[in-house]
Amino acid sequence: MVAQIFVDVEHLAVDQPYDYHVPSHLEAVIEIGQRVIIPFGTRKITGIVIELKTTSAHNQLKTIIDIVDPVPLFSDELLHLAKQLAFEHITPRMRYLNAMLPNALRMKYKKTLRVKQLNNLPKTLQSYFTSADTIVFDEKLKSHYKSIKEAIKNNDIDLDMELKQTQTVLKIPVVKLEKDTTVRGEKQQAIIDYLKERNGVERKILLQATNASSTSLKALENKGIVRILAKETYREIQSIGDIKDKTITLNKDQQSVYNTIVEHLHEAKTFLLHGVTSSGKTEIYLNVVEKVLTQGKTAIIMVPEISLTPALTARFKARFKAQVAVYHSRLSIGERYDEWRRIKTGKAKILIGARSSVFAPLENIGIIILDEEHSDAYRQEENPKYDAKKIALTRAKHHNIPVVLGSATPSVESYYRALKNDYHLLTLKKRAEQSTLPTVAIIDMKKEFIEGNTSVFSKSLYAAMQKRFEKNEQTLLLINRRGHANFVLCRQCGHTIECDDCDVSMTYHHKKQQLKCHYCEATKPMPKTCPKCHSEHIRYMGLGSERVELELQKAFPTAKIYRMDRDTTQVKDGHAKLLHAFERDGDFLVGTQMISKGLDFDKVTLVGVLSADMALFVPDYYAKEETFSLLTQMAGRSGRRTIQGEVIIQAYRSDHPVLEDVKKHDYEHFYHEEIALRKKADIAPFKTMMALTITHRYQNTVFKTTANLVKKLKNTLPKSVRIIGPITPKYVRIQGKYRMHILLKTDTVTPVLKHLNPLVTSMITKDLTISLDYHPSMF
């Protein structure tokens with residue numbers, strides 16, 4: 001028997017299957033989707049079986065050493081998906097296969113040296129083998145590399161590779177009664193009597209119930225009266241705050257949407273659910289999933305931000321209890337592994353998670369739901385790149401099931417497809433629970449400045465905040481930049497402090513008194529004088545969430561103020577703890593875009609948006625859409641119950657058409673204006689845009705490679721493909737590497753990829769990378 005295996009090396013040079021001989025003792029147990037240990041060059045590494053066959057076109061095949069997993073980790077569906085993604089993104093297939101596994105299942109490779117002829121080694125090297133014939137080949141042997149290399153060559157030492165899985169199965173001690181007998185010790189007898197009635201008890205519970213000590217239990221174990229076993233269990237993901245199931249009867253509009261979806265549960269149909277904020281989309285999701293479970297199937301519910309998982313998980317766990325699993329990057333390694341195991345073994349039927357949950361090994365899927373489908377957080381920008389929305393549609397087609405894309409502000413591309421009847425459009429035009437959409441006011445900050453107000457808060461916003469504070473109501477404030485100031489400027493010479501590795505100004509963080517690059521996370525202490533002219537006239541420019549928090553503290557010194565951004569939510573359960581604390585006793589919550597979606601607080605009646613127009617004028621194809629979505633979603637956090645909500649948006653271009661559409665809650669007008677502009681510009685959804693990014697540590701190499709690639713593309717690609725470039729990006733250098741772009745516009749992707757894959761693969765080197773992005777801005 002022959003196995004085709006993908007080796008665990010994430011490089012395009014070896015991105016192909018290799019044939020290996022299957023030894024006779026493994027023929028009955030080897031399966032497609034299993035991991036195996038194989039020889040590869042001089043190393044032992046893992047690989048994944050992707051095909052089994054009887055013969056090979058190659059002679060003298062190497063033999064599989066062993067099987068890692070008794071049960072396959074990858075289904076045929078996921079193996080095929082990894083192949084498709086690798087082709088679409090010109091990325092090693094192994095990167096996607098590894099992305100489908102929790103980190104706990106990754107293999108650790110440890111080099112070892114085993115001595116064969118100790119006396120032949122130099123004395124200085126012999127001393128390392130006095131206590132063992134095998135040692136770890138690590139940094140402590142660096143000075144002996146030459147001697148070791150010679151010893152390996154002379155067959156006096158074997159260089160080997162130990163493989164160890166990093167998984168951490170949680171086990172708890174369980175006590176079982178082996179002999180029903182009588183003993184003298186009172187506590188020991190109490191343990192025996194307790195176990196008579198309920199054999200197989202957790203040690204902790206047993207000792208608490210009998211008030212006995214571990215010494216008494218150990219004595220019984222030594223006598224053979226009890227046996228202590230290690231029972232495998234799962235780490236429980238604890239919810240922050242109370243879990244209550246709100247039984248809500250669907251209103252007429254919700255019932256109509258629900259009926260339409262469940263009528264098509266056995267079709268690969270895509271529903272775009274366009275419902276205004278607080279229209280009750282979550283309640284529809286709960287009821288649809290409940291219907292799917294009655295059919296013996298499973299469900300995936302995805303959200304774009306980890307901050308949205310606590311509230312949604314609480315709602316689902318309240319109704320479906322232990323059937324719900326949670327999966328995202330902020331869980332510990334052990335928690336992610338346990339949740340993955342619960343999904344893989346079928347113990348969990350419902351999965352709630354961020355974009356990586358789209359790779360979950362759920363079988364018999366009945367529905368996939370993407371809430372806030374418009375969010376660009378469903379796209380992973382770092383390698384391996386992928387679009388979770390697109391993958392969800394692919395998996396739904398494989399399982400012949402529907403996908404529900406929900407949003408109050410659907411992406412322009414999704415709405416375009418719905419109007420073309422590629423998607424089925426469902427609408428909820430009114431808020432549920434008799435609440436109404438909030439009033440929206442646009443404040444001209446130019447006028448505020450002329451009238452002498454230099455505060456970050458307009459007079460209207462300050463008065464509204466004061467009113468809510470006095471009435472014990474809550475306020476959300478959005479400023480879509482973290483930190484205290486966007487950049488630091490010397491007023492003497494005009495110098496701005498930039499990151500050493502990126503062509504980006506560093507952001508000032510007041511609390512830690514440091515400058516931070518938000519592209520590579522590098523930090524510097526805040527200088528007291530200008531690094532260039534040594535002047536003391538340094539000024540903090542711009543506005544960030546940290547500064548808004550400080551300004552609020554000055555204006556409302558007795559208020560309970562919370563801040564939610566990437567800096568305040570890095571600890572475990574940071575999102576859930578912060579949101580729970582604000583809901584319990586908060587007056588103000590300041591945050592970046594992570595507070596704009598999905599949050600549902602009874603007492604929030606005011607939303608303020610600072611510098612609302614700052615993203616409208618960046619060179620980005622999607623700037624208007626992202627601003628409209630952000631502001632509309634943020635406005636939707638206000639007045640979600642019986643009290644009328646209010647939204648105050650501060651801007652310097654208060655007459656901008658996008659802000660007018662937000663004020664009127666007019667998605668339709670915004671969409672028609674935006675789609676007309678995109679058609680004129682010949683960009684998505686009318687054309688597929690593909691951006692190639694070339695990076696290298698030397699700028700000259702990037703320029704030459706990009707120019708060469710443009711020339712090859714013009715000679716290779718079909719004439720219908722428009723090639724734009726080379727393009728110099730806004731930030732030429734990021735994380736110490738220079739970048740250039742090439743933009744392609746095409747009607748069909750597959751013919752382009754068939755030319756691109758071999759071309760890009762032939763050009764990349766160890767230091768030069770070429771990546772492909774399907775959602776480029778104007779760079």
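This is a predicted model: local features need pLDDT of at least 70, side-chain atom pairs count only at pLDDT 80 or more; totals for chains, interfaces and linings use all residues.

Modeller: Five strands form an open sheet, ordered 2-1-4-3-5, with antiparallel pairing. Strands here are DSSP E runs of at least two residues, helices are H or I runs of at least four, and both are numbered from the N terminus. Two strands pair if DSSP finds at least two bridges between them.

Biologist: Which are the edge strands?

Modeller: Strand 2 (18–21) and strand 5 (66–67), each of which pairs on one side only.

Biologist: How many bridges join strand 1 to strand 4?

Modeller: Six, between residues 2–7 and residues 43–53, and the two strands run antiparallel. V2, for instance, has K53 of strand 4 as its bridge partner.

Biologist: OK, rings. How many aromatic pairs does the structure hold?

Modeller: It holds 17 aromatic pairs. Rings of Phe, Tyr and Trp (its six-membered ring) pair if their centres lie within 6.5 Å; planes under 30 degrees apart are stacked, over 60 edge-to-face, and the rest tilted. F359 and Y386 are edge-to-face, because their planes are at 65 degrees, with the ring centres 4.9 Å apart.

Biologist: Where do F359 and Y386 lie?

Modeller: F359 is in the loop between strand 15 (350–353) and strand 16 (365–371), and Y386 is in strand 18 (residues 386–387), so the pair ties together parts 27 residues apart in sequence.

Biologist: Is F359 buried or exposed?

Modeller: F359 is buried, at 1% relative accessible area, and Y386 is buried as well, at 5%. Buried means under 20%, exposed over 50%, and partly exposed in between, using a 1.4 Å probe and protein chains only.

Biologist: Which residues form one aromatic cluster?

Modeller: Y415, F628, Y667, F670 and Y671.

Biologist: And what lies over the face of Y194?

Modeller: R198, at 4.1 Å from the ring centre. K390 lies over the face of Y774, at 5.4 Å. The criterion is NZ of Lys or CZ of Arg within 6 Å of the ring centre and within 35 degrees of the ring normal.

Biologist: Last one. What is V721 in contact with?

Modeller: Setting aside neighbours within four places in sequence, V721 is in contact with L744, K745, T746 and V752, where contact means heavy atoms within 4.5 Å.

Technical notes:
Residues are numbered from 1 along each chain as its sequence is written. Side-chain values use heavy atoms; hydrogens and water are left out.
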